Amino acid sequence: MTGVEAGLLSQGLLALAASVAAVAAPARRRNVLAGAACTALAVAGALTGGAALAGRTGRIALEGVLPLGPLVLAPDRLGGFFMLLAGCVGAVVSVYAIGYVQGVSASRTAWCALAAFLLGMQLVPAAADVLALLSAWEVMALSSTVLVLTDHARRTEVRPAALWYAAMTHLSLVLLLAGTATLAAAARSTSFDAIAGAVRPGSVTGNVAFCLLALGGASKGGLFPLHVWLPRAHPQAPSHVSAAMSAAMVTMGVYVVLLTCLRLLPAGPTWWGVALVALGANSALYGILQAAVSSDLKRLLAHSTTENIGLAVLAAGVGILLRGHGAPGAGDVALTSCLLLLLSHAAFKTALFLAAGAVLHATGERDLDLLGGLAATMPWTATAFGVAAAGAAALPVTSGFVAEWVLLQALIHGAGPQDRLVAVVMPMAVGAVALTTGLTLLTCVKAFGTAFLGRPRSAGAAGAHECGWTMRLSVAASAAAVVLLGLVPGPLAASLAGAVGARGIRAVGLLGIDLPQVHALLDPLALGLAAAASTGAVALVSLVGSRRRRRERVALAWGCGGVRISPRMQYTATSYAEPLLRVFDDALRPERVVEITATGQGAVFVERVRFRQRLGDVVELAAYRPALAALDRLGALARRVQNGSVHRYLTFSFVALVVVLIAVTL
Amino acid sequence: MSARRLIALILRTGRVAEPAPPAPEPLAAAAGLRGSVQVRHVDAGSCNGCEIEVAGAFGPVYDAERYGARLVASPRHADALLVTGVVTRNMAEPLRRTYEATPHPRLVLAVGDCARNCGMFAEGYGVVGPVSSVVDVDVEVAGCPPSPDAIVAGLRRLTGR
C-alpha cells in the first residue's frame, strides 16, 4: 500500500470517526471531539494531496458501493493540488468551528454534515472515474445544502437561500452527469484514462461534453450567469461553512474545467479557450461590480468569489488558447497562474470569511453601514482581515499579487501579433483583469475601512469583543498563509507548474519565481529585503528625530468650529460606493426612492427626508424570474390533473389498467 | 488669457502697491514665530464692513503679504487668528474651538471697534461681548471699520517686518 492509498483510506476512517464523535459524544465535549476529528480528516486530505502533487501515486477501487461498477480513487498531480487546497482550508475551518459553533450550528447533524462535506470535497479531485467523481460530488452537494440549512428554524430567509443553492448545485450535478455520460458512452468506459484515449476533442461528442462539463463547473463555481446562489447561500450559512464553500468548494468548478480540458479532452479546439476567457472575464467584472456596491459584508465576499473564480477560469482559458496557438510557453505560465490564483483565493477568502464570522459573532451585525471602529476592540480580527483584504486587492507582498503578476506576464507576453485571434483576445483580457483589479482595490478599502476604522455606527459594533483563541488562531493562520505565499512563492509555483504539465518554471533566488518562457522573474523576498535595507536608514533617522522633538498634543478633530462626534457623519459603505454606482448605473440598475415629508408650511420647510436604495441582480430579474414564473405556470397546469380528488385518481388508475390490458391483449 | 497678454498687462499696469511705511514696533509675544505668519480670519459676528477692509488689506494696493502675512483656510495651518465683529452667542463656542485648534504659539488680532469693545452693538441681546471676553487678544486695531493700512500695521506687529 502506497502513502497516497493509506491517506485515502485514512480519510474515510477519519470521516467515520468524526461522525461517531459528533453523534456519540456528550454535548459538552462534542465541539472539541468532532472538531478534532474533522481537523484530522482535513489534515489527512492535505497530506495526501501534497503527496499526490509531489508525484506519488496510489489507487483504490471500492467494489460493490454502486451496482454500476467500482469507484476508483487515484489522484493525479492536478487532483492532488485541489485535494491539498481543500484539506488546508478544511483544517483551518475545523479549528475555527470548535470555538465558533454554538446552538443549532453545534448540533449532531451539523457536525456530521461538516465531516461529510470535507470528505466529499477531498475525494472529488481524487476520483479517477466518472462514478467516483459524481458520487463524491453529490456527497459534497448534499452535505453543504444541509450545512446551509443549519439555522432555518430561527431565520426565515435561510430556507429560500438553501432552496436556491440546492437547485443550482443540482443543476451543476445534472450537467456534469450529462457531460460525463456523453463521454463514457462514446468511450464505452467510465475510467478517465479510457475516455482520454477514446474521444477526439474536436468531434461533436467532445464539443457537447465540453459545453456540459464547463457549464456544470461554472454553476458550481458561481460563474456569471449561474452565480445567483452565491450571494444568497453564503450570507445565510454559518461563517465557517461559508469559508469552506467559498474557498474550497467553488474551486471544484474550476477543477472540472481543468479536468475536462487537460486530462479528459486534451488539446481541444480554439473556441474552448475563447469561450472560457469570455466566461471568466464576464464573471470577474460582474462579480466585482456587485461586490463593490454591496453593503452586506458576507454578500460582498460572496460576489468577490465570483470575481476570483472568474479570473482563474480566464487564466485557464488563456492557457488553453495559447497552447493551441503556437505559444505553449506563455500558455504554461497562464495555467500555472490559474492554480496560483485559486490557492491565493483560498487563503485570503478563508481569512476574510472567518474574520467576517468573528465580526458577526461579536456584534450581531453583517451590514457594513452599521459596523465601524472594530480595529480598536478586535485587533486580531482586524489585522487578519486587513492582510487578507490586501491579498484580495493584489497588493505586493501578498499571494494575490504574485498570482495576478504571473497571469499578466502570460497575457502580455502571449500576445503575438502574428496570430489575429490571440492579438485580439489578449489585450481585451488584460483590460478586463486591470479593471477588475482596480475595482477590487476599491471594494477592499471599502470593506476594511467601514467595518474596522472610524467609529462604531451601532450599539452592536460599539459593544464588540475579540473572539476565542481557536477562532483567532485559524484567522491568523490563514492571513499568515496569504503573506507567506506572497513572500516565498517559488517552490509551490514550481510544483503547481508540474500539475498542469508546464515545464521550466522553477524557484530562483530567495524562493522567488522564474518564468523562463516569458523572460520574467519575481523574487518578492529579495525585493522586500532590498526595499527594507534602502528605506531602513531613512526610517531610523526619522524615528530618532521624532523621539528628540516630541511635541504631541491630543486635540479634538477639527470640525470647522462645530464638533464631529456623530458616527453618522462618517462615510458609509453605501456612500463610499455611490460614485461607482452612478458610473455603472446602466449595468447595476439601482432602485432609488427619495421621500420628502413637508411640514405643511410650504414646500421649503421639510420635516423629514427618507432615502432608500435597493440593488437587485439584473440577471436574476431578467432571466431567472421569468423562467421561474413559467415553471410556476406549468405547475399550475399540472395541478388540474392532480387536484386531490380521490375519484379522479381512481379513474386514472382504472383507465391505466384498461390501457395496459388492451395493450397486453393486442 | 494667454501668457503673452498676461505679461503685457503686468508690464502695462506696473506696480500699484503703496510705498511701505516705517515698520511699527514688533510684538514681544510674536518673537516665537519664524518665517511668515499664517493668519486665519474668523468672523465672530461682524457687519462685514471689516471684511471689506481686510480684503483691501490683502489686495494689491496695501499688499499685506509683502510683510509676510498670509491668509490660510484652516486654523490647523495658522499662527494667528484675525477676528472681526462682536462675538455673538452662536459664534462664541466656534471661536473658542478655533482658538483651541490653532497650534502654539498662537496670537489673536482683534480688528475693528466691535471686536475691541462691542462698538455700536454693545448690550445687544445676542452679543456675548468683545473678543477679549472669549479668547486672549494680543493686538487690537481700532476703527469702524479700520482702514486697510491700520490692519496692515496691526499685521506688521505680528510679522515684525
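Ala267(A) is partly exposed, because 13 other C-beta atoms lie within 10 Å; with C-beta atoms placed from the backbone, a residue counts as buried if 20 or more other C-beta atoms lie within 10 Å of its own, as exposed if 12 or fewer do, and as partly exposed in between. Ala267(A) sits in the loop between helix H11 (251-264) and helix H12 (270-293) of chain A, where helices (H or I, at least four residues) and strands (E, at least two) are DSSP runs numbered from the N terminus. Its phi is near 55°, a positive value in a residue other than glycine. Arg188(A), likewise not a glycine, has a positive phi of about 55°. The place of Arg188(A) is in the loop between helix H6 (158-187) and helix H7 (192-198) of chain A, and Arg188(A) is exposed, with 9 other C-beta atoms within 10 Å.

The structure is a predicted model, in which local features need pLDDT of at least 70 and side-chain atom pairs count only at pLDDT 80 or more, while totals for chains, interfaces and linings use all residues. Residues are numbered from 1 along each chain as its sequence is written, and chains are lettered from A and ligands numbered from 1 in the order in which they are written. The model scores ipTM 0.73 and pTM 0.85. For chain B the mean pLDDT (the predictor's confidence in each residue, from 0 to 100) is 93, and 100% of the residues reach 70 or more.

Chain A contains 26 helices and seven strands. Its C-alpha trace spans about 105 × 70 × 60 Å along the principal axes. The radius of gyration, taken over C-alpha atoms, is compared with a globule rule of 2.2 Å times the number of residues to the power 0.38. For the 666 residues of chain A a compact globule would have a radius near 26 Å, and the value of 27 Å agrees with this. Of these 666 residues, 52% count as buried. Two residues are in contact if their C-beta atoms, placed from the backbone, lie within 7 Å. Of the contacts in chain A with a separation of 6 or more, 77% are between residues 24 or more positions apart.

Two helices of chain A, H13 (residues 297-324) and H14 (residues 328-363), pack at an angle of about 170° with their axes 7 Å apart. Axes are lines fitted to C-alpha atoms, for helices over the stretch in contact, and angles run from 0 to 180 degrees between N-to-C directions. H13(A) is therefore roughly antiparallel to H14(A), given that angles under 35 degrees count as roughly parallel, over 145 as roughly antiparallel, 65 to 115 as roughly perpendicular and the rest as oblique. The residues of this contact divide into 19 nonpolar, six polar and three charged. In this classification Ala, Val, Leu, Ile, Met, Phe, Trp, Tyr, Cys and Pro count as nonpolar, Asp, Glu, Lys and Arg as charged, and the others, Gly among them, as polar.

Two further residues of chain A were examined individually. Met140(A), in helix H5 (residues 130-148), counts as buried because it has 27 C-beta neighbours inside 10 Å. Not counting residues up to four places away in sequence, Met140(A) touches Phe117(A), Gly120(A), Met121(A), Val124(A) and Met249(A). Met140(A) and Met121(A) are 19 residues apart in sequence, with a C-alpha to C-alpha distance of 5.8 Å. Trp229(A) lies in the loop between helix H8 (204-221) and helix H9 (230-236) of chain A and is buried, with 24 other C-beta atoms within 10 Å.

Chain B has five helices and seven strands, in the order α-β-α-β-β-β-α-β-α-β-β-α from the N terminus. Its C-alpha atoms fill a box of roughly 55 × 35 × 30 Å along the principal axes. A compact globule of 161 residues would have a radius of gyration near 15 Å, and the 17 Å of chain B agrees. Of the 161 residues, 39% count as buried. Seven residues of chain B are in contact with four residues of chain A; the chain B side comprises two nonpolar, two polar and three charged residues.

Chain B also contains cis peptide bonds. One runs from His104(B) to Pro105(B), with omega near -10°, and Pro105(B) is in the loop between helix H3 (89-101) and strand E5 (107-111). Another joins Cys144(B) and Pro145(B), with omega about -10°; Pro145(B) is in the loop between strand E7 (139-141) and helix H5 (148-159) of chain B.
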